[in-house]
Amino acid sequence: MKITLDEAIRRVEGEPIQACYVGTDAAERLAAFAAEHLGRSCLVVADENTLAAGGDNLLSALGAVQRRIVHKTYGSETFDATEELGDEVAAAGQEADFFLAIGSGTLCDLAKHAGTKLGKPSVLYATAASMNGYTSGITALKVRGLKRTTPCDPSLGVFADPEVVATAPQRMAAAGVADFLSKCSSASDWRTAHLLRNEYYSPKAMEFYEGTVERVLGTAPGVGRAEPEALAVVLEALLLSGLSMLAAGSSSPASGGEHLLSHYLDMKSALYGTPHDLHGAQVGVGTVHCLGLWEQILSLDPKSLDSDALVDVQPDEDSIRAWIEEDWGPVADEVWAQWQEKSLPPDSLRAEIGRFARDNEELREGVLEDYLPPATVAEAIRAAGGPVTPEELDAPAEEFRKAATRARFIRNRFTVLDLAAELGIQ
Ligand SMILES: [Zn+2]
């Protein structure tokens, strides 16, 4: 059963989002939405590229419904979304009734941040199928050099024209395919955190995905050829994925160990200036890695596990502290605090490995609801034109390899990276 975007919006309760639309008349739809629901004046945040790709159509559609437009336009160079830039957009929009972003992750986050700051609505005109954050209630902005995910008001409406999206760089759409498919691993992380650590889990949030994985896998080669029909499928899947996070009230359905691997690269980049790749590109390589861990976990015989021996070979807290100091220098204390929230003393760890063995049947059933072999996901990302190995990333491969053992320390969320380490799998 396919859940439509309209139905998904109805199922997200208590959030302001009212419209999600993917179609070649998205510009006119957005203008009609603005005329019906929003005030007269609008601050448009865009960059030269996104304005060239989708601006003309949209601005004339807004002109036709008499919206007054003030522009905040950035140059054509890629840049990171920072809190300062978000505040700059807010300052430029003091007099506006609403914010409109024409762009992808960075520009949309700036509009969402500005809208939240001033208590004004935002709407988004997505120009790339690159990530699932359009419909989310979080922004990922750099604050004093480090990327932080912060809750924000979701946008009132998200609109995308697949023909405009088809003009974005190929790597962006491939990143979107990968960001979406990360769910094949992250959903298992979430279910398992619920089973082993009693963390909050919402089956309702997973209903948004019904049938979408198959559709995205089937359409990946079309994404590789930049076909608008294929991009429409990916856009819809990404919007549903964002809505599932809204329904869950957390990013857990779509962000597990594979996202920690990507965050590790982003944090290194922010602190030390090493290159980083697109969010979804890094997440895709992380997903292939994490599905490989799940594959090994699924092949374990729970009866053969020796929990005493496994607990004995875990790194001690002093070694972990030293790694964190080495990796994160000036922000090591913050990272250490995250790790302390989920680190278990030996007895609790032994008990957790015991629960894994005892409830293995239930755990396997849950994982198999979302799990796909790493080769299947790698093939789809590859067909869409994206990277699947650390060496193919525009980020240092050695940092990714380090992340494989150390990324689990950077956040308090329990993921497959923790489970694999506890079970002696690397
Ligand atoms: Zn993501």
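In which loop is the place of Gln-66? Select Gln-66 and see: it sits in the loop between helix H3 (48-64) and strand S3 (68-74). Helices (H or I, at least four residues) and strands (E, at least two) are DSSP runs, numbered from the N terminus.

Before moving on, note that this is a predicted model, where local features need pLDDT of at least 70, side-chain atom pairs count only at pLDDT 80 or more, and totals for chains, interfaces and linings use all residues. Residues are numbered from 1 along each chain as its sequence is written, and side-chain values use heavy atoms, with hydrogens and water left out.

**Stop 1: Gln-66**

Stay on Gln-66. Its phi is near 60°, a positive value in a residue other than glycine. Most residues other than glycine have a negative phi. Gln-66 counts as exposed, at 53% relative accessibility. Exposed means over 50% relative accessible area, buried under 20%, and partly exposed in between (1.4 Å probe, protein chains only).

**Stop 2: the zinc ion**

Now select the zinc ion. Three residues coordinate the zinc ion at 2.1 Å: Asp-179 (OD), His-259 (NE2) and His-279 (NE2). Donors are N, O and S atoms within 2.8 Å of the metal (3.2 Å for Na, K and Ca); water is not among the atoms, so sites may look incomplete. Along the sequence, the donor residues follow the spacing D-x79-H-x19-H. Asp-179 belongs to helix H7 (residues 170-181) and His-259 to helix H12 (residues 257-272), so this pair ties together parts that are 80 residues apart in sequence. Are Asp-179 and His-259 buried or exposed? Both are buried.

**Stop 3: helix H12 against H20**

Axes are lines fitted to C-alpha atoms, for helices over the stretch in contact, and angles run from 0 to 180 degrees between N-to-C directions. H12 passes H20 in a right-handed crossing. A crossing is right-handed if the near helix is turned clockwise from the far one by less than a right angle, and left-handed if anticlockwise. Show the side chains: Leu-261, Tyr-264, Leu-265 and Lys-268 of H12 meet residues of H20, including Phe-400 and Arg-406. Contact means heavy atoms within 4.5 Å.

**Stop 4**

Next, pick helix H8 (residues 183-197). H8 has 15 residues and reaches 20 Å from its first C-alpha to its last, close to the 21 Å expected at 1.5 Å a residue. That expected span is 1.5 Å times one less than the number of residues. In H8, 13 of the 15 residues are buried, so the helix is largely enclosed by the rest of the structure.

H8 and H13 pack at an angle of about 50°, with axes 9 Å apart. The crossing is left-handed. Cys-184, Ser-185, Ser-188, Asp-189 and Thr-192 of H8 make the contact with Cys-290, Leu-291 and Trp-294 of H13.

**Stop 4: Asn-198**

Step just past H8 to Asn-198, which takes a positive phi of about 60°. Asn-198 lies in the loop between H8 and helix H9 (203-206). At 65% relative accessibility, Asn-198 counts as exposed.

**Stop 5: Pro-151**

Finish at Pro-151, in strand S7 (residues 146-151). Pro-151 counts as exposed, at 67% relative accessibility. Beyond residues up to four places away in sequence, Pro-151 touches Gly-137 and Ile-138.
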